[in-house]
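Hi everyone, thanks for coming.

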Amino acid sequence: MSAIAAARYGKDNVRVYKVEKDAATGVQTVTEMTVCVLLEGAIDTSYTKADNSVVVATDSMKNTVYIKAKEHPVTPPELFASILGTHFVETYPHITTANIKIVTHRWTRMTIDGKPHPHSFYRDGAETRNVEAKVQKNNIEIRSGIVGLLVLKSTGSQFHGFVRDEYTTLPEVWDRILSTDVDCGWTWKTFAGLDAVKASIPKFDKAWSDARNITMKTFAEEDSPSVQNTMYKMCGSILEAVPEVETVNYALPNKHYFEIDLSWHKDTKNTGKDAEVYAPQSGPNGLIQVTVARTASPKL
């Protein structure tokens with residue numbers, strides 16, 4: 001005997017671009033997203049009995065994304081994800097959960113002759129603003145995040161005091177290059193529905209800005225004793241800055257830069273305090289992850 005344990009299906013990689021035009025000022029604002037929709041509910045018979053009567057076609061999901069983008073604001077992405085998810089669970093009674101993921105790509109307004117240009121933009125990196133929403137009839141769970149923020153500092157990082165045994169070749173260091181590709185997320189307290197999300201609209205952009213600024217400020221200013229300790233401090237600062245967030249998580253890969261021993265060439269000094277030329281590494285690399293939650297307040 002066999003039975004379906006879990007099932008979901010939908011449309012992935014729906015690319016959407018929206019331009020908002022201010023007729024009074026001539027200023028245009030653009031948003032580009034990649035959207036994924038995955039639905040759950042009473043759909044098991046589509047797998048077990050070839051019953052397509054319970055299937056909302058994935059092409060219809062794609063069309064819905066376009067139509068809702070026309071009808072509603074697409075920013076902040078937490079709002080648009082909630083609007084999309086709510087549509088699916090309210091329109092189709094047999095659908096119990098809509099999982100929406102939105103990846104917002106960067107378009108930064110050009111500054112020309114010292115002034116922001118009204119309709120020209122440039123892509124200033126691969127960093128994205130990501131949102132995942134799990135929408136059900138009575139609640140909405142949202143996780144926001146920053147992905148692909150590549151950062152580097154040429155000094156101000158150490159790593160020593162770690163376990164040394166017969167497998168260890170890594171030297172201890174008190175000054176090293178530190179670089180990582182930031183993947184940071186924060187999970188909001190559960191919303192009671194779309195109206196509750198709408199009431200929180202101003203908080204979403206601020207939380208994203210706070211998380212991004214905290215990440216870069218802590219990274220830049222701290223003489224980091226380890227990636228683990230630095231990312232823990234980042235999490236605590238974001239929890240303090242955004243009271244509506246329940247957990248914060250980071251996944252930080254170490255982007256290694258190794259010293260090159262050039263002593264074979266005319267006794268050239270290029271290690272330790274004399275190191276200036278390094279070899280960037282593509283792998284293998286360290287990967288450090290953490291999730292930090294609020295501690296319960298002590299009862300009086």
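**A walk through the model**

Let's start with S53, which is exposed, at a relative accessible area of 62%. S53 sits in the loop that runs between α1 (44–48) and α2 (58–71). Its C-alpha atom is 9.1 Å from that of I43, and the two are ten residues apart along the chain.

Quick word on what we're looking at: this is a predicted model, local features need pLDDT of at least 70, side-chain atom pairs count only at pLDDT 80 or more, and totals for chains, interfaces and linings use all residues. Residues are numbered from 1 along each chain as its sequence is written, and side-chain values use heavy atoms, with hydrogens and water left out.

Now zoom out. The chain has six helices and twelve strands; helices (H or I, at least four residues) and strands (E, at least two) are DSSP runs, numbered from the N terminus. Along its principal axes, the C-alpha trace spans about 75 × 65 × 55 Å. Of the 300 residues, 38% count as buried. As for contacts, meaning heavy atoms within 4.5 Å, take those in the chain with a separation of 6 or more: residues 24 or more positions apart account for 66% of them.

Next, go to T104, in strand β3 (residues 95–105). Is T104 buried or exposed? T104 is buried, with a relative accessible area of 15%. Setting aside residues up to four places away in sequence, T104 touches T31, E32, M33, P77, T128 and R129.

Then click on A81, in helix α3. A81 counts as buried, at 0% relative accessibility. Again leaving out residues up to four places away in sequence, A81 touches I100, I102, V131, A133 and V135. A81 and K101 are 20 residues apart in sequence, yet their C-alpha atoms are 7.0 Å apart in space.

In soluble globular proteins, nonpolar side chains tend to be buried together. By nonpolar core I mean a set of buried Ala, Val, Leu, Ile, Met, Phe, Trp, Tyr and Cys residues joined through side-chain atoms within 4.5 Å. The largest one here has 59 residues, and the members touching the most others are V35, L39, I100, W186, W188, V248 and Y250. Which helix gives the most to this core? That's α3 (residues 77–91), with seven residues. Have a look at V248 too: beyond its neighbours within four places in sequence, V248 is in contact with C184, G185, W186, C235, I238, L239, V290, T291 and V292.

On to the rings. Rings of Phe, Tyr and Trp (its six-membered ring) pair if their centres lie within 6.5 Å; planes under 30 degrees apart count as stacked, over 60 as edge-to-face and the rest as tilted. There are four aromatic pairs in the structure. In one of them, the ring centres of W188 and F191 are 6.4 Å apart with planes at 40 degrees, so that pair is tilted. Both W188 and F191 are buried.

Some rings have a charge over them, meaning NZ of Lys or CZ of Arg is within 6 Å of the ring centre and within 35 degrees of the ring normal. The charged end of R123 sits over the ring of W107, 4.2 Å from its centre. Likewise, the charged end of K153 sits over the ring of F219, 5.4 Å from its centre.

On a 1 Å grid over the protein atoms alone, a cavity is a set of points where a 1.4 Å probe fits but cannot get out, while a pocket is an open set with protein on both sides within 12 Å along at least five of seven lines; lining residues have an atom within 4 Å of a point. Grid points are joined across faces, edges and corners, and a volume is the space filled by probe spheres set on the points.

The largest pocket has a volume of about 710 Å³. Its lining has 25 residues, with V173, D175, R176, I177 and Y257 nearest the centre. β10 gives the most to that lining, with three residues.

And the largest cavity? It holds about 70 Å³ of space, and α6 gives the most to its lining, with four residues.

Definitions and conventions. Buried < 20%, exposed > 50% of the residue type's maximum accessible area, 1.4 Å probe, protein only.
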